[in-house]
Each structure stands twice: as structure tokens, then as C-alpha cells.
Amino acid sequence: MTTKRRILLADDHALVRAGIRALLENLPDVEVVGETGNGLDAVEHVRRDPPDAILLDITLPGMNGLEAAARIAKLEKEVATLKRAQ
């Protein structure tokens, strides 16, 4: 049994997200677990339900992709620290 890789799509263009989703859904070991059109929602999605990978547009509204990536990396570090402390 193969474990599916859980992917979050973050792009402000719904048509781009739909195209990427269509491509990814044809892969047997990939599951798209969410979509978002802005950086703030991407960070919140990762906080609630961390995916294995994120396809993140750099030019997102609300919070650009670079800032979202930095915040997500910080979240990952905080989660890792909490797990080590337990």
C-alpha cells in the first residue's frame, strides 16, 4: 500500500489551481488536500492540517508567497520543537 503525498495548492488564479489539481489528481500517489487563493489562508491551512508539500505562488494577495513560506517554515520549526519536548 502506497501512502499518498498530501499537497496544498496556493495560487490566486482559480484557473491555475484547477489546472494543477487536474494534473496532480492523475497521479496515483498524490492527493490535493486543499486550495487557497491567498497567503494568509495558506498559513492557516498548514496550521490546521499540515500537508506533505505546498505548491505556493510567490505573488499571492494578503501575504505574498515568500512571506507565507517563511511563516510556514516557522510553524514547522515550532511543531518540531513541541514534539521533541513531549
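**Charged pairs and their setting**

Reply: Among contacts in the protein between residues at least 6 apart in sequence, 64% join residues at least 24 apart, a contact being heavy atoms within 4.5 Å. The model is predicted, so local features need pLDDT of at least 70 and side-chain atom pairs count only at pLDDT 80 or more, while totals for chains, interfaces and linings use all residues. Residues are numbered from 1 along each chain as its sequence is written, and side-chain values use heavy atoms, with hydrogens and water left out.

The protein has three helices and three strands, in the order β-α-β-α-β-α along the sequence. Helices (H or I, at least four residues) and strands (E, at least two) are DSSP runs, numbered from the N terminus.

Side chains of opposite charge can pair when their charged atoms come close. A salt bridge is a side-chain nitrogen of Lys or Arg within 4 Å of a carboxyl oxygen of Asp or Glu; by this rule there are six salt bridges.

Consider Arg21 to begin with. The side chains of Arg21 and Glu25 form a salt bridge of 2.9 Å, N to O. Because Glu25 and Arg21 are four residues apart in helix H1 (residues 14-25), about one helical turn separates them. Arg21 also forms a salt bridge with Glu35, the closest N and O atoms being 2.4 Å apart. Glu35 lies in strand E2 (residues 30-36) and Arg21 in helix H1, so this pair ties together parts that are 14 residues apart in sequence.

How exposed are these residues? Arg21 has a relative accessible area of 22%, Glu35 has 34% and Glu25 has 48%. Each value counts as partly exposed, because buried means under 20% relative accessible area, exposed over 50%, and partly exposed in between (1.4 Å probe, protein chains only).

In helix H3 (residues 65-85), Glu67 and Arg71 are four residues apart, so they too are separated by about one helical turn. Their side chains meet in a salt bridge of 3.1 Å, N to O. Glu67 is partly exposed at 35% relative accessibility, and Arg71 is partly exposed at 43%.
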